[in-house]
Amino acid sequence: MAGPLPLGDPAPTDGRLPGDLPIDTNVPFSAYLHVPFCRVRCGYCDFNTYTSSELRGAKQEDYATTLISEIDLARRVLGEVGALRPMDTVFFGGGTPTLLPAGDLARMLDAAVSTFGLVDGAEVTVEANPDTVTPEVARTLAAAGVTRLSVGMQSAVPHVLAALDRTHQPENVRTAVAAAKDAGLAVSVDLIYGAPGESLADWEASLDAALALESDHISAYALIIEDGTKLARQIRRGEVPTPDDDLQADMYELADARLAAAGFDWYEVSNWARPSTGAGAGVGASATDNRSRHNLAYWRGSDWWGFGPGAHSHVAGLRWWNVKHPAAYAQRLAASESPAAGTERPDPEAHLLERVLLLSRLAEGIAIAELPEANRSRVAGLIADGLVDPAAALRGRITLTLRGRLLADAVVRELTD
């Protein structure tokens with residue numbers, strides 16, 4: 001299970017937002033629907049997820065109805081402050097959303113759409129384990145209004161999947177992607193690199209397999225060892241080696257080169273997409289945009305409501321997060337109370353740090369003018385070190401070079417300290 005929730009101020013039991021909240025309904029709005037169920041907990045994962053033996057009083061078959069109760073709460077809370085607006089994106093994450101019947105996911109989506117509405121060409125994504133996607137599931141999701149499936153491939157190499165505690169067979173990725181495409185869904189493929197025992201040749205094989213699927217979006221994330229996970233305990237006991245930073249850097253460079261050669265553009269440090277066609281090619285987004293528009297909403301600081309246990313929300317600079325366990329979440333809503341556990345408003349310094357951290361990871365970068373005046377002179381040093389693109393800097397924006405992407409955290413520290 002995930003670590004402890006953040007510290008913050010107590011959240012009101014009725015869920016009401018502060019009366020002085022500076023609501024701007026022109027800011028895009030998204031919904032995240034968390035499905036916290038997994039058949040098996042992957043050794044590297046610290047997400048707020050639960051296997052059947054850990055539910056203790058919560059039932060998967062009741063989950064859709066419970067989450068719809070929070071959607072009803074959101075309708076009242078946002079309506080009171082004039083903040084109801086159509087959703088630009090919807091994202092079902094987890095956990096494994098497709099462990100629920102596709103009809104339950106459809107019901108939750110229908111409730112959200114009935115409450116908020118959707119903008120024209122909205123992106124609606126469902127994360128999926130390859131083993132849980134059948135042609136019938138894909139067709140049901142598409143008929144419900146889902147537009148995109150994000151498939152957790154992680155690797156094409158059996159011993160790497162075993163090191164990550166992934167239970168699917170590599171060939172199931174192909175069948176899941178084919179089912180999604182046949183149903184008319186766009187497809188994204190997720191990969192992880194740097195697992196214990198994974199070689200550069202293993203990683204190259206996974207990249208080749210992912211490219212052979214002919215999706216329009218690929219995510220590639222370096223394995224991070226999170227405290228409290230099974231993998232962290234194995235490393236601490238010396239049972240498996242710590243990920244090699246140099247090897248992970250080589251793997252990232254290989255991914256960037258192979259994906260670029262296949263026609264993908266990087267648009268965020270860990271994400272690549274085939275070029276958009278038509279109106280979606282710019283900083284804005286449209287139905288032709290192959291980037292993850294939901295994740296772009298996070299990185300750009302848009303508004304979103306996170307539904308489900310442990311989910312986080314952000315509206316007009318106010319943050320709040322729900323209680324973690326599905327049973328506690330259901331109990332709050334059954335009592336007509338908000339499931340929120342805490343709330344905060346970041347101060348200007350924290351807000352700036354987060355904005356630089358997120359926007360600098362994007363290919364569109366961040367405007368130099370957004371930095372504190374005293375820090376703008378540091379951009380020249382970052383250019384000299386090969387971390388920031390000089391042509392972009394002349395246009396007034398900070399955009400990371402390939403070397404800068406590998407050292408993104410160092411760039412952020414230099415710009416914000």
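Tutor: We will take some residues in turn, keeping in mind that this is a predicted model.

Student: Which residues form the negative surface patch?

Tutor: Asp244, Asp245, Asp246, Asp250 and Glu253 make up that patch.

Student: Where does Asp244 lie?

Tutor: Asp244 is in the loop that runs between helix H7 (230-236) and helix H8 (245-261).

Student: And is Asp244 exposed, partly exposed or buried?

Tutor: Asp244 counts as partly exposed because its relative accessibility is 42%, and the partly exposed class lies between under 20% for buried and over 50% for exposed.

Student: New topic. Where is Ile224 found?

Tutor: Ile224 sits in the loop between strand E6 (217-222) and H7.

Student: Buried or exposed?

Tutor: Ile224 has 54% relative accessibility, so it counts as exposed.

Student: How far apart are Ile224 and Tyr193?

Tutor: They are 31 residues apart in sequence, and their C-alpha atoms are 9.5 Å apart in space.

Student: OK, what about His294, buried or exposed?

Tutor: His294 is buried, because its relative accessible area is 1%. His294 belongs to helix H9 (residues 293-299).

Student: What joins the side chains of His294 and Tyr298?

Tutor: A polar contact of 2.7 Å links those two side chains.

Student: Last one: where is Leu207, and is it buried or exposed?

Tutor: Leu207 is in helix H6 (residues 200-212). With a relative accessible area of 1%, Leu207 is buried.

Student: How far is Leu207 from Pro348?

Tutor: Their C-alpha atoms are separated by 41 Å, and the two residues are 141 residues apart along the chain.

Definitions and conventions
Residues numbered from 1 in each chain as written. Predicted model: local features only at pLDDT ≥ 70, side-chain atom pairs only at ≥ 80, totals over all residues. Heavy atoms only, no water. Patch = residues over 30% accessible without salt bridge, like charges linked within 9 Å, V, L, I, M, F, W, Y side chains within 5 Å. Areas by Shrake-Rupley, 256 points an atom, 1.4 Å probe, with all protein chains shown as cover. Salt bridge = Lys/Arg side-chain N within 4 Å of Asp/Glu carboxyl O. Lys, Arg positive; Asp, Glu negative; His and termini not counted. Charge placed at Lys NZ, Arg CZ, Asp CG, Glu CD. Helix = DSSP H or I, 4+ residues; strand = E, 2+ residues; numbered from the N terminus. Buried < 20%, exposed > 50% of the residue type's maximum accessible area, 1.4 Å probe, protein only. Polar contact = N/O pair within 3.5 Å; in protein donor to acceptor, adjacent residues only side chain to side chain.
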